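Thanks for coming. I will go through one structure, part by part, so please have a look at the sequence and the model before I start.

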Amino acid sequence: MNYEHRVEAFVSAQPDTEQPAEGTYSFAAMEARWPAIWDELKVFEPLDDGSRERRYVLDMFPYPSGDLHMGHAEAFAMGDVVARYLRQCGYDVLHPIGWDSFGLPAENAAIKRDAHPAEWTYTNIDTQAASFRRYAISADWSRRLHTSDPEYYRWTQWLFLRFYEKGLAYRRNSAVNWCPRDQTVLANEQVVNGACERCGTQVTKKNLNQWYFRITEYADRLLEDMDQLHGHWPERVLAMQRNWIGRSEGAHVKFDVEASGGRGARSVDVFTTRPDTLYGATFFVVAADADLAVDIVADEHHDDLMAYREQIKSLSEIERQSTEREKTGVFLGRYAVNPINGEKLPVWAADYVLAEYGTGAIMAVPAHDQRDLDFARAFNLPVRAVLDTGEPDPAESGVATAGEGTVINSGFLEGLSKTEAIAAASSRLEETGAGETTVNFRLRDWLLSRQRFWGTPIPIIHCGTCGEVPVPDNELPVRLPEGLRGEALSPKGTSPLAAAEDWVNVPCPKCGAPATRDTDTMDTFVDSSWYFLRFASPEFTKGPFDIDAVNRWLPVGQYVGGVEHAILHLLYSRFFTKVLQDLGMVDFNEPFRALLNQGQVLNGGRAMSKSLGNGVDLTEQLDKYGVDAVRLTMVFASPPEDDVDWADVSPSASAKFLARAWRLGQDVTSSTDVDRSTGDQALRAITHRTVADAAELLSNNKFNVVIAKVMELVNATRKAIDSGPGGADPAVREAVETVAIILSLFAPYTAEDLWAQLGREASVAAAGWPEVEEELLVEETITAIVQVQGKVRDRLQVPANIGEEELRALALDSEAVSRSLDGRGIRTVIVRAPKLVNIVPS
Ligand code: ANZ
Ligand code: ZN
């Protein structure tokens, strides 16, 4: 049943027996009333005095692209459930909010409107902040930060300089990904299927002097420390990080390339993960775009190579490595000698070998590597199987075999298993000096410089004599130059900052000679790699953060955000944390203890988009149904990780349910200090069971099921009022207070108003999670009938809410059943929990 049917069924199954209400449920009135009171009570500011255990709940901070949208509404509703629940449990909760406010969209908008990026940015932030307040995020507004504030980016620069001093930030010339439309370089991570992640333009290569962070130095630790995250982060995110880091064990093997074609002899290393296949190498390939190819090509093939390089220039790494594409390449007129058997292999250049991975050269083993096999077939090169895997011969089938097997056609490796042969070949290579075992990573250093305006300026000055000179700490921040706006920011291939001559030309801090500032700005991922630390002490002026405050609050206990950040932001933040640990600034090595990826909000099965015209405006929804109904709908629609399809949900049904819950408050006539234990025991049992189940479900992020449980409790309470012990019963008060407390996680306005109706003081957000009386949890049982071939053979006392699996197991376990089966097998078991099991013997 989809959401709409579920809620409608729930609402319509309950005849609206309530008398016309005294006051009526008005979300607008509640939204007008409560925020000021919450502010005054400072309910959401942590005490930070050590009187309670601390918990840090963080939503990935938003980019101020306009007003909040449906995606924000979902993500922040989820994060708020966690923060509000922990607060109810008595923790001191840090739940801050800020903005990731540097970045290209602001700059593009400024160019279009002849404005300054700051105007667009801060206007949008104000709009979003107002919407967040209305949306009743339980955030500590006193900690708000924006990465584009000089008070923030001063410390981004300061951190950059600490990385620089450790050799972890460096500049080098290389061929980089270049987006011709945005006129800026892109990190590998920002190239998606060969196109710019932002604007979709085909990315090209350009030779530029760029700044990098040496994240590769942390590759091993980024991998190993993931052990701590298992069970707390989604496995698919961990898998994506692992693939991105791409650790592979193998060997470097030295091949001698013989002199010929006007070139002298030299040696070239290859990287292989399969030294067991050395006897199966039938040719040798170097990356066509690597300098190595030009260095070794025989004179008479030089022109062919150059023409080929021109042809492959604009291809992305992914296209180059795709097994789908037809293989291309050129023969280089040289031969490489296989060190294991002295065989001469023709040397080719091709685009499927990448210049930037391993050594940029490979030994090709077509029988056991599909790309090599495709290449061999395209150019009629020999194929020799060296591992018998029991599969058809690759030379005939066209399918390379990669599994386990026994080594064949391989001299001293003959007869060994794959693993044994890898070890034996590796030690032979080491003995003869022809190779050594090694580890390779797919991860590349992080290219962090951008030729755009709206970012953190890189705090380096270039001096003709002294070279790169860091801006002294006491001169930070290096502020963005003033006076640049509109057209002056448009992309020209160099940074717009270069046009601000007064800003660029400065004396060298070391020798005083005329020098120039670096005109690049940092990738905004640098800003967001440490903001979670700043939140511990956002006003701190003596450093990026107060070390004690950070060590009190962090690591973040629960991080909430979209899976689109599975690689970049999370990897970079993990890297920063490890560097800061090495700098002695934090005493932990992983920033986010647990991660929750919420799904997307769709409409009609597709992501909302302008071009599809299926966008849903959040403000309209809020105006129509109220904040609480929208929040409740978001959370109730599905488990948090799943997508929510706005076409399948019913905020109006949510609103009806909330009104119904709220009206319970009008029928409670007992006083606030009534002894709840004297109330109706049947209702009490339901209330306490709800609290116990909700706690269990909340700790497993099953927020949607908690809402279903509250609906049932509302139901039972209404019945108790109308046709049971009545509104004066203390158990009714207990039930309705419980409804208010649990609802405070999802529908803060309704819950607060309900609480007030009950004569309790604000805020329900600080009421405390209800205590469960264990004696009340004894389960209701029911008699289940077990039949064999339609005849009743046993009766079982089972919990009324038993699941199919458990009931099936109990039935099959029955003595009476095995007696009546009398050795016969079982064809099928029909289970109708909780009442009936029918076993059909074979
Ligand atoms: C011989 C061989 C035989 C290989 C075989 C594989 C299977 P991973 O696991 O991703 O690290 N390789 C090495 N450098 C390369 C480059 N720059 N561009 C493209 N391919 C490259 O992959 C390592 C394997 O990928 C290496 O092991 C090499 O091919 C290839 F049956 O060597 B192998
Ligand atoms: Zn100097």
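Which residue in β19 does Tyr-212 stand opposite? It is Leu-447 in β19. Before I go on, some ground rules. This is a predicted model, in which local features need pLDDT of at least 70 and side-chain atom pairs count only at pLDDT 80 or more, while totals for chains, interfaces and linings use all residues. Residues are numbered from 1 along each chain as its sequence is written, chains are lettered from A and ligands numbered from 1 in the order in which they are written, and side-chain values use heavy atoms, with hydrogens and water left out.

Back to that pair. β9 and strand β19, residues 446-447, pair in the antiparallel sense over two bridges. When I say strand, I mean a DSSP run of E with at least two residues, and a helix is a run of H or I with at least four; both are numbered from the N terminus. Two strands pair if DSSP finds at least two bridges between them. Strand β9, residues 204-213, also pairs with strand β5, residues 169-179, antiparallel and over ten bridges. There, Arg-172 stands opposite Gln-210 in β9.

Next, the ligand. Ligand 1 is surrounded by 17 residues, and the closest are Ser-248, Thr-272, Leu-354, Tyr-357 and Arg-442. A residue is near the ligand if one of its heavy atoms lies within 4 Å of it. By type, the shell divides into eight nonpolar, six polar and three charged residues. Here Ala, Val, Leu, Ile, Met, Phe, Trp, Tyr, Cys and Pro count as nonpolar, Asp, Glu, Lys and Arg as charged, and the others, Gly among them, as polar. Strands β11 (266-272) and β15 (361-364) each supply at least two residues of this shell.

Some of these residues make polar contacts, meaning pairs of N or O atoms within 3.5 Å. A side-chain N or O atom of Ser-248 is 2.5 Å from an oxygen atom of ligand 1. For Thr-272, a polar side-chain atom lies 2.7 Å from a ligand oxygen. For Arg-442, the distance from a polar side-chain atom to an oxygen atom of the ligand is 2.5 Å. Taken alone, ligand 1 exposes 650 Å², and the protein buries 87% of that. Those areas come from the Shrake-Rupley method with a 1.4 Å probe.

How are the four strands β22, β21, β24 and β23 paired? They form an open sheet in the order β22-β21-β24-β23, and the pairing is antiparallel. Because β22 (467-470) and β23 (505-507) stand at the edges with a single partner strand each, one side of each has no neighbour in the sheet. The twist averages 40° from one strand to the next. Angles here run from 0 to 180 degrees between N-to-C directions, and axes are lines fitted to C-alpha atoms, for helices over the stretch in contact. Strand β21, residues 460-463, joins β22 through four antiparallel bridges, and Ile-461 stands opposite Val-469 in β22.

The other sheet is also open and has four strands, in the order β32-β31-β34-β33, with mixed pairing. Its edge strands are β32 (791-799) and β33 (826-832); each has a single partner, so one side of each is left without a neighbour in the sheet. The average twist is 20° from one strand to the next. Strand β31, residues 781-788, pairs with β32 in the antiparallel sense over eight bridges, and the bridge partner of Thr-783 is Gln-797 in β32. Helix α27, residues 804-813, lies across β31, β32, β33 and β34 (836-841), running at about 130° to β33. Contact in this case means heavy atoms within 4.5 Å.

Last, some backbone exceptions. Most residues other than glycine have a negative phi, and most peptide bonds are trans. A cis peptide bond joins Leu-476 and Pro-477, with omega about 0°, and Pro-477 sits in the loop between β22 and α15 (501-504). The bond from Ala-762 to Ser-763 is cis too, with omega near 10°. Asp-114 has a positive phi near 50°, and its place is the loop between α4 (104-113) and α5 (117-134). Asn-409, not a glycine either, has a positive phi of about 50°.

That is the end of my list.

How values were computed: A polar contact is a pair of N or O atoms within 3.5 Å; within protein, one must be able to donate a hydrogen and the other to accept it, and residues adjacent in sequence count only if both atoms are side-chain atoms.
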